[in-house]
There are 2 protein chains.
Amino acid sequence: MLGNRGYEVVVYERRPDPRKGPLHGGRSINLALSHRGWKALEIAGVADEVRNIALPIQGRRMHAVDGTRTFQPYGLEGQCIYSVARGGLNRILVEKAEAMPNVSFEFNQRCHGYTLEENHVTLHLEQEGSKKDVNVERLFGTDGAFSAIRGRMMRNDRFDFEQRYLPHGYKEVPMMPGPNGDFQMEPDGLHIWPRGTFMLMALPNPDKTFTCTLFGPYEGPEGLNLLTTDEAVHAFFEKHFPDVMSLLPNLLEDWKKHPISSLVMTRCFPWNDGDRVALMGDSAHAIVPFYGQGMNSGMEDCTVLNGLLDDHDSWSDIMTRYTELRKPAGDAILELALQNYIEMRDLTGDKRFLQQKELEGRLQRAHPERWLPLYSQVTFSHTPYQDALARGRMQQKAMESVMANPAKWNHFTDDKWMEAALSALDTLQAART
Amino acid sequence: MLGNRGYEVVVYERRPDPRKGPLHGGRSINLALSHRGWKALEIAGVADEVRNIALPIQGRRMHAVDGTRTFQPYGLEGQCIYSVARGGLNRILVEKAEAMPNVSFEFNQRCHGYTLEENHVTLHLEQEGSKKDVNVERLFGTDGAFSAIRGRMMRNDRFDFEQRYLPHGYKEVPMMPGPNGDFQMEPDGLHIWPRGTFMLMALPNPDKTFTCTLFGPYEGPEGLNLLTTDEAVHAFFEKHFPDVMSLLPNLLEDWKKHPISSLVMTRCFPWNDGDRVALMGDSAHAIVPFYGQGMNSGMEDCTVLNGLLDDHDSWSDIMTRYTELRKPAGDAILELALQNYIEMRDLTGDKRFLQQKELEGRLQRAHPERWLPLYSQVTFSHTPYQDALARGRMQQKAMESVMANPAKWNHFTDDKWMEAALSALDTLQAART
């Protein structure tokens, strides 16, 4: 986006050029693209290329222990999220950017922070052991959850920072294509095996594989820390996910390939250092992956910054306003993502929860201008996350008040309850404003 | 304490030898010693020396805008806290420790973290630009709120950390001795000018001066950020602290000497890195200064570690147990200190609050085995902070239930309310356990 505006941009990247390495590198929870991400890709002019490698996911496919399966669509017909491979997306972004005459990349550059000078920023880099300093006019720290740019900011007076690990971890195992070379399960869904305190999840990849991820607590009677032997892993999957065992013939081998990965969340404030440095993406707001919004929220940072560049001339205003607009959004999506973990691993197996989702879907279809389910606000709209969170809480209360008395409403035969839900929501909204 | 147990101890200190510099160095909120600190000094065998430089403070002396003054004792007769000068205390501690043949000091050593090796810890130091590594068996990081040891631990997987700044700051100005060379106000009290969102505080020093500290919000209609001109500072003090103006003839000059200082709080987990490294004091739990427990809580870390050395042989057990015991205490004293800021700046000017304090004092004297006010539990006992916090909350509820109906109890003529308070407390306690 900065390149499109005519700025001279240099991207310093710690990793090697993604075009020179293997397409699939290392562990990674799959990337899910939704409205907020697409909007940024549209602005950057790369949405069409990305669409070629994106696999549509229509909803959640839940697997109960007894084999019962339930489908819950994410939104209205035609609304879906997209699974994309990290490597493929990175290649497209790098190639498109590098094709611009005013954008260049330097790979294998480790960043060691920066120094704010009167008229520029000095960026401290290291390549294969040799250090160099680079003077730049402005610096956007997009160096991830363990950002060195943010590490430098932490020494600023009154810079708030928090890194907190979830007491849960995860392990990924791949599900290969079947004997016919095709997907082994429906490729249009995010598969979930909700089991209360833990869950198995599977997201399809364009190469006909699924990435299966077990999320669960490290400690406790069903803790991941107990799964240290072939027998324990086999017994655990057999007991909790019997329908998937035959689809994962290499489970025990794959299980041993990687340690359990941790899940970190970070929050900080402010996101800018004066008018010269700003944090974007995970460096400003690393979240847990359960809402599929990690990448989307980072891309929305870009959209918002781009909008500020349209509206303001002063970089001091742009940077200050950027923090003001995005800090509440970052806090809100972190909270939403934490909530969604509980929803996915526990509530998606709950009958009442699924009923509520269905009712909300009907309400949305009947009154699209008055009711947008929380998931849709987050995934299929550009409503600021903090507003979605607040509105979602009110909608939840409204639905609870309607569902509290099942005798009073025959939800599935008539629609009288809808007015009650909408008027409860209006009352809550009025009380708030 | 480690020296007393026969360990070979080297203290690497970033600052110069305190015996070679000026006695009063830099800004510092005065140190307040109470029971927990004294206990550690007793164990270390330095309490008598420290007592010589400690000034007893019997209670709070509140100054209302209209000049009304109120005294509120901290505890029972004979119970007090002690003001000590940081420089004097440091000298005593260094001299006493260095007199031991197995303890030595290395000053002017900047620490850059450590590396955990199989059989030792490598400590990375820098003295006047030249770096050196030192191998030690075990490392205790007592390097303060911005600890480099903790900075290294932050890169450990699943290490939680938070640094958060209070939206309030402070500025210190000295109050010199009067024309007769003596204190200008009663030296037996911590003087407070409670003004709601901000306060002035004055703590006596052994050299007949007071350190006056203005605490207040950076921003807002009465924000410290507005006090940028002589006129603004003069008008602010004249309006809010008229009785202190004549005692601070150099106020305007002193005000300009230092910027506003910020107040940082840190929390982290765990406090140990395996069986070789532990954080103690501010590096593990930097708190705000409003309970006078910053130093005391750090010294209690030492007392607890010393107790663990008595009870355990395995360093792995000692370090794990140290985190288990002290992390809840650190979280609790941070919360208590934040509460006490509100109490000091707001409630100490509140009639009902002072009445409750008086009633609690009477309750304590009548039933010392059943009622210990929260302040006394924190300051004059060795009850773990987290237990004091929990018990204090219950006592607060019990007092509220009794004071809610002033018509029912004639608190100041008979003692019938006492049984009601005690039985309310018993009920709460029973419900908890």
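Q: What is the bridge partner of A:Leu139 in β18(A)?
A: In this predicted model, A:Leu139 pairs with A:Val277 of β18(A). Strands here are DSSP runs of E with at least two residues, helices are runs of H or I with at least four, and both are numbered from the N terminus.

Q: How many bridges join β11(A) to β18(A)?
A: Three bridges, and the two strands run parallel. Two strands count as paired if DSSP finds at least two bridges between them.

Q: What is the strand order in that sheet?
A: The order is β11-β18-β17 in chain A, an open sheet of three strands with mixed pairing. β11 (139–141) and β17 (272–273) of chain A are at the edges with a single partner strand each, so one side of each has no neighbour in the sheet.

Q: Which helix lies across it?
A: Helix α8 (residues 315–345) of chain A lies across β11, β17 and β18 of chain A, at about 20° to β18(A). Axes are lines fitted to C-alpha atoms, for helices over the stretch in contact, and angles run from 0 to 180 degrees between N-to-C directions.

Q: What conventions apply to the numbering and the values?
A: Residues are numbered from 1 along each chain as its sequence is written, while chains are lettered from A and ligands numbered from 1 in the order in which they are written. The model being predicted, local features need pLDDT of at least 70 and side-chain atom pairs count only at pLDDT 80 or more, whereas totals for chains, interfaces and linings use all residues; side-chain values use heavy atoms, with hydrogens and water left out.

Q: Which residues touch the most other members of the largest nonpolar core?
A: A:Leu139, A:Ile149, B:Leu139 and B:Ile149, out of 57 residues. Such a core is a set of buried Ala, Val, Leu, Ile, Met, Phe, Trp, Tyr and Cys residues joined through side-chain atoms within 4.5 Å. Buried means under 20% relative accessible area, exposed over 50%, and partly exposed in between, with a 1.4 Å probe and protein chains only.

Q: What is B:Ile149 in contact with?
A: Leaving aside neighbours within four places in sequence, its contacts include B:Leu139, B:Val277 and B:Leu279. Contact means heavy atoms within 4.5 Å.

Q: How is chain B laid on chain A?
A: By a turn of 180° and a shift of 0.1 Å along the axis, with an RMSD of 0.0 Å. That is the relation of a two-fold axis. The superposition is by least squares on C-alpha atoms of residues with pLDDT of at least 70 in both copies.

Q: Which residue of chain B comes closest to the rotation axis?
A: B:Glu162, at 2.0 Å by its C-alpha.

Q: Switching to β16(B): how many of its residues are buried?
A: Seven of the nine residues in β16 (residues 261–269) of chain B are buried. Strand β12 (residues 160–175) of chain B pairs with β16(B) in the antiparallel sense over eight bridges, and B:Tyr165 has B:Val264 as its bridge partner there.

Q: Where is B:Pro270?
A: In the loop between β16 and β17 (272–273) of chain B. The peptide bond from B:Phe269 to B:Pro270 is cis, with omega near -5°.

Q: And B:Arg158, what is its phi?
A: About 65°, a positive value although B:Arg158 is not a glycine. B:Arg158 is in the loop between α4 (148–153) and β12 of chain B, and is partly exposed at 28% relative accessible area.
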